[in-house]
Amino acid sequence: MAKQVVDAVTMQRALTRITYEIIEQNKALDELVLVGIKTRGIYLAERIASRLKQLENVEVPVGELDIRLYRDDVHKADHRQQPDVTGSSLPVSITDKHVILVDDVIFTGRTIRAALDALMDQGRPQQISLAVLVDRGHRELPIRPDFVGKNIPTSRHEEINVAVSEIDGQDGISIGQLED
């Protein structure tokens, strides 16, 4: 049984906090590109871009990154050819831009490692930052987010579920037990 730990209002506040931190740490907002990691990261990136438009009147491009073929749990035999990145869509070149990767939850860091590989196949950014809605701990790789909406400590036997209205019909974050 999952228990809701963050409601829609608190989730929106967390995204607003991330947006303000992005503004504070970036003088040249016109050099930013937000790239959401499929699937929920895309919607979070779009919401951050919308908030940047409201607050700073700047249009920040939002791209989509599909990391399925870059995951380290896919066998190397599946990577005989150059990875197909057709599931990714970047509206502008990321070369020499400040890319902010956006994802819903960071756990071990392996998704972000895969995202960095996928991003580098798209161009060479000047800088890459990471924004996550939830940091649940338990890193296996030396990867740390630059912008965090909520820190929610968990055990390895728990899972964090982020719901976004665009897919799930409502916003919220719940925590539940993994099934054995």
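In this predicted model, Arg68 forms a salt bridge with Asp66, with the closest N and O atoms 2.4 Å apart, where a salt bridge is a side-chain nitrogen of Lys or Arg within 4 Å of a carboxyl oxygen of Asp or Glu. By this rule, the count comes to eleven salt bridges. Local features need pLDDT of at least 70 and side-chain atom pairs count only at pLDDT 80 or more, while totals for chains, interfaces and linings use all residues of the predicted model. Residues are numbered from 1 along each chain as its sequence is written, and side-chain values use heavy atoms, with hydrogens and water left out.

**Accessibility of the Arg68 pair**
- Arg68 counts as exposed at 58% relative accessibility, whereas Asp66 is buried, with a relative accessible area of 11% (buried means under 20% relative accessible area, exposed over 50%, and partly exposed in between, with a 1.4 Å probe and protein chains only).

**The Lys53 pair**
- Lys53 forms a salt bridge with Glu59, and their closest N and O atoms are 3.4 Å apart.
- Lys53 is partly exposed at a relative accessible area of 32%, while Glu59 is exposed at 61%.

- Asp117 forms a salt bridge with Arg113, the closest N and O atoms being 2.4 Å apart.
- Both Asp117 and Arg113 lie in helix H3 (residues 110-120), four residues apart, or about one turn of the helix; helices (H or I, at least four residues) are DSSP runs, numbered from the N terminus.

How values were computed. Helix = DSSP H or I, 4+ residues; strand = E, 2+ residues; numbered from the N terminus.
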